[in-house]
Amino acid sequence: MPGDLAGRCAIVGTGQTPYTRGTDRSTLQLQLDAAERAIADAGLTPADIDAVMPNAMSERIAEDFIVELGLPDVAYTSTHHTGGASVLSAVQSACLAVAAGVSRHALVVAGRRGYSAQRVSTSQARPERVTATVGEFEKPYGAIVAAQWFAQSAQRHMHLYGTTEEQLGHVAVGCRRHANLNPRAYMHGRGMTLEDHRRSRMITTPFRLFDCSLETDGAAAVVITSVERAADLPHRPVLVRGIAEGHGDPPTSITQKHDITVLDGLRSAGRRAFRMAGLRPADIDCAQLYDAFTWFVIASLEALGFCGPGEGGPFVEDGRIGPGGALPVNTHGGLLSEAHVSGMNHLVEAVHQLRGTAEPQRLVPGCEHALVSNEGDFFEGSVAILERGGR
Amino acid sequence: MQGRPLPEPSPLTAGFWEAAADGRLVLQRCDACGRHRHYPQHRCPHCREAAWRWAAANGRGRIHSFTVTHHAFHPAWTGRTPYVVATVQLDEGVRVVTDMDEDPAIVRIDAPVEVFFEDTGGGRALPRFRIAGRPASAPADRDGRPAARRGAADTHTTTEGNT
């Protein structure tokens, strides 16, 4: 039964490269840097790693890591093809492998050269297989990039529920205020007001520039092992209490969904993850929500049950999701203001909040449970609910 | 100006585009339960029946949602921004995507629309949509845009009563 996986595995190592615009490192080099740091952070050596979960969006394969890191006896690899939802699906896969005894220490890694190579704004992003249908039936009409798919969801959400552009601005500002407390964040030294958001140039209604995630270069990684082995490693373990993925209906286009305003895959994943963890949204002390666009945060709060359908807009007002708010969201700054690392940086941030090793100025006091969400392709979703372990 | 990215039909989808080239909008309809489906797939999403045929759609629907794009993400739209991309809920219950030549200021969710066909050369055509109940549109130029944007007259839209 799914409950058997709850609390069986722990995240014991994290690694990140600097987050930049411009790098002389390849995507693989960035990911190797992050992987080596995560392995060292876990108090392990590459020889201990026997499972590798590469990220499909970066076109790096497990064999790259076996060769470059010198992994002598890899027993398990898997690659997930759900776009931005892939990282936490890979974590689920790692937990299953560890809990089943197939793997002892699993490496999950992601990263991209989102500024120096695969820029979305200049249509350099690599199309995935799942986009073939919209490539045939939507691209001929000028619907070229993800922003245009999801903008239509946001527009209808505004139409049905009265969600406002200013509420989107509250998400952008909340993430930016967190980034201003995070020295790693690409936007660390740059403030943002609601007025700055309102005046940023329109990309595709209702998304302005500051509603869209950053194009940055960087990579991040984590190491996962069993709770028993975690007890012997240097850091306070972070337990995986709930882990799940969910798929949209249909998962091949936004426009054919029963309700284009609902992140249906994330909703399914959230229900499973909360059930596995035996927790409710009210138990969550901070949430790291995949924020490719500001509207995703509003829709994720609804899909995950932090508020009801259509209530996400009012939920994010009045600093509730900002620093010191009732539910701090994206305490690292998110894809919107830290960096776009395919959601891996959300997971790393949750670990640092639960370990208590995030910088003091953005540490959520008494953080016992953190939720991480990933969102990818046409509303695929994945969720991790993490718990501060004992020491 | 570079042309639109054109569809590359598969055996499953070829009938849709062949009909469009003839000025007809067709949809898959299940032989067992009679329901329409789109985008093309082998089995009925409602009853999993594999037998189906192309059925004529009436070419009318309403705007389900839209976005006004201000940034040209493809060279075909360079110099043509802002432009409207809309999702249309057809009377048959499925949705299609279109770009629209209307002034973005008059495009509204729930506005009624009707199909027309744009010749994309080589004996091919794209079904597109425009606001319905308006005078016949001005002749399109080579790129399929009307000679002049039509005004806001006759547009009766509602933004309420949506389910």
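**Note on a predicted two-chain model**

1. Asn345(A) touches Gln16(A), Tyr19(A), His332(A), Gly334(A), Leu335(A), Glu338(A) and Ala339(A), leaving aside residues up to four places away in sequence, where a contact means heavy atoms within 4.5 Å. Asn345(A) belongs to helix α13 of chain A, which covers residues 344–355; helices (H or I, at least four residues) and strands (E, at least two) are DSSP runs, numbered from the N terminus. With a relative accessible area of 1%, Asn345(A) is buried, a term that stands for under 20% relative accessible area, with exposed meaning over 50% and partly exposed in between (1.4 Å probe, protein chains only).

2. On the basis of this note: the model is predicted, so that local features need pLDDT of at least 70 and side-chain atom pairs count only at pLDDT 80 or more, while totals for chains, interfaces and linings use all residues. Residues are numbered from 1 along each chain as its sequence is written, chains are lettered from A and ligands numbered from 1 in the order in which they are written, and side-chain values use heavy atoms, with hydrogens and water left out.

3. Turning to the interface, chain A contributes 32 residues to the contact and chain B contributes 43 residues. Between them the two chains bury about 3,100 Å², with 56% of it on carbon and sulfur atoms; buried area is the accessible area (1.4 Å probe) that two parts lose on being put together, summed over both. Across this interface there are 21 residue pairs in polar contact, both residues being at pLDDT 80 or more. A polar contact is a pair of N or O atoms within 3.5 Å; within protein, one must be able to donate a hydrogen and the other to accept it, and residues adjacent in sequence count only if both atoms are side-chain atoms.

4. On the side of chain A that touches chain B, the elements giving two or more residues are α4 (132–137), α5 (146–161) and β5 (202–204) of chain A. The largest share of that side, seven residues, comes from α5(A).

5. A search of the whole structure gives 15 aromatic pairs over all chains, counting rings of Phe, Tyr and Trp (its six-membered ring) whose centres lie within 6.5 Å, with planes under 30 degrees apart called stacked, over 60 edge-to-face and the rest tilted. Trp149(A) and Phe150(A) form an edge-to-face pair, at 5.8 Å centre to centre and with 85 degrees between the planes, and both of these residues are buried. In chain B, the rings of Trp77(B) and Tyr83(B) are stacked because their centres are 5.5 Å apart and their planes stand at 20 degrees. Trp77(B) is buried at 1% relative accessibility, and Tyr83(B) is buried with a relative accessible area of 3%.

6. Ring pairs also link Trp149(A), Phe150(A), Phe207(A), Phe293(A), Trp295(A), Phe296(A), Phe378(A) and Phe379(A) into a cluster. Helix α10 of chain A (residues 294–303) is mostly covered, with ten of its ten residues buried, among them Trp295(A) and Phe296(A). Just after α10(A), Gly305(A) takes a positive phi of about 85 degrees.

7. Chain B has one helix and eight strands, in the order α-β-β-β-β-β-β-β-β along the sequence. Of its 163 residues, 47% count as buried, and residues 24 or more positions apart account for 53% of the contacts in chain B with a separation of 6 or more.
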